[in-house]
Amino acid sequence: MFIILLYLLIGDPRYAHVRIDAVHYCELEVQLAAKRKRHSFFDRNGEAIDAPQVRLQLFMQTVRDSRDLGRMVLSLRMPYMTREASKAEIARTISVTPNIRYVDLPAGIYSDDASCLALKQELIGRCPDLRRMTYRHGAEGSFSQLPEARLWQNLEVLELSRLHIEPRLLRMGLASFPKLRDLTLDDLPWLDDSAFDLSDTLPPFPAVQRLTLRDTPNVTASGLAGVLSLPLNRKVLQYLT
């Protein structure tokens, strides 16, 4: 029951891409649990087991016991409730997966929630090759520190949602990710065409393959046309939403 389900790269027998699945319980599970409880001295044997959380704990122990396996992990996926309830276990797991590129994270990571502070520190200190990150309302301080921090230089996908920052900080923060290719700007009513203006003192707005704007009412078609008409942006952009 507690076998960890590993979805591996074709032709690659290592722990490259790991997904911890939820368990589908049959209709008899309640009856079977009651029978186990009646025939056991320990009440805990009658309780339904959170299999995904146990599987995460087993995987955590495996990679911590063998650092070579930890270095092979490129992605780690898990159910929503598991990552929300297992912040400490995720932190201890990613502390030994230095090459990881993607990991399912609790929502509080993206808004700098205090309950995720230890996990965020592990991400910053132990996972330099992350490829996807989100900053939401509450993470304005973290975003403003990006130019000095030089985090995640290989980051490819970035979403900014409900952040309250100055356009100047937006440009400087975006410039911190030189390999950015997919950018989503969501629910930013302060954002206007000035964010795309050419400047001698600010980095240029990044040339990305995919640009998504949601709930940005002060960005106009002419403002977008101006930045997208630049040769580099015109050449790179493939998808505009």
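This is a predicted model: local features need pLDDT of at least 70, side-chain atom pairs count only at pLDDT 80 or more; totals for chains, interfaces and linings use all residues.

Numbering starts from 1 along each chain as its sequence is written, and side-chain values use heavy atoms, with hydrogens and water left out.

Let's start with the sheet. Three strands line up as β1-β2-β3 in an open, parallel sheet; strands are DSSP E runs of at least two residues and helices are H or I runs of at least four, numbered from the N terminus. Two strands pair if DSSP finds at least two bridges between them. β1 and β3 sit at the edges, each pairing on one side only. Two bridges join β2 to β3, and S75 has Y102 as its bridge partner in β3.

| Strand | Residues |
|---|---|
| β1 | 17–19 |
| β2 | 75–77 |
| β3 | 102–103 |

Next comes helix α5 (residues 87–94), where E89, I90, A91, T93 and I94 are buried (under 20% relative accessible area, 1.4 Å probe, protein chains only). Their cover includes α2, β2, α4, β3 and α6.

I94 turns up again among the contacts of L123, which also touches V103 and W152, not counting residues up to four places away in sequence; contact means heavy atoms within 4.5 Å.

Last stop: D182 in strand β6 (residues 182–186). Buried or exposed? D182 counts as buried because its relative accessibility is 14%. Beyond neighbours within four places in sequence, its contacts include E156, L158 and R210.

Note on methods:
Buried means under 20% relative accessible area, exposed over 50%, partly exposed in between (1.4 Å probe, protein chains only).
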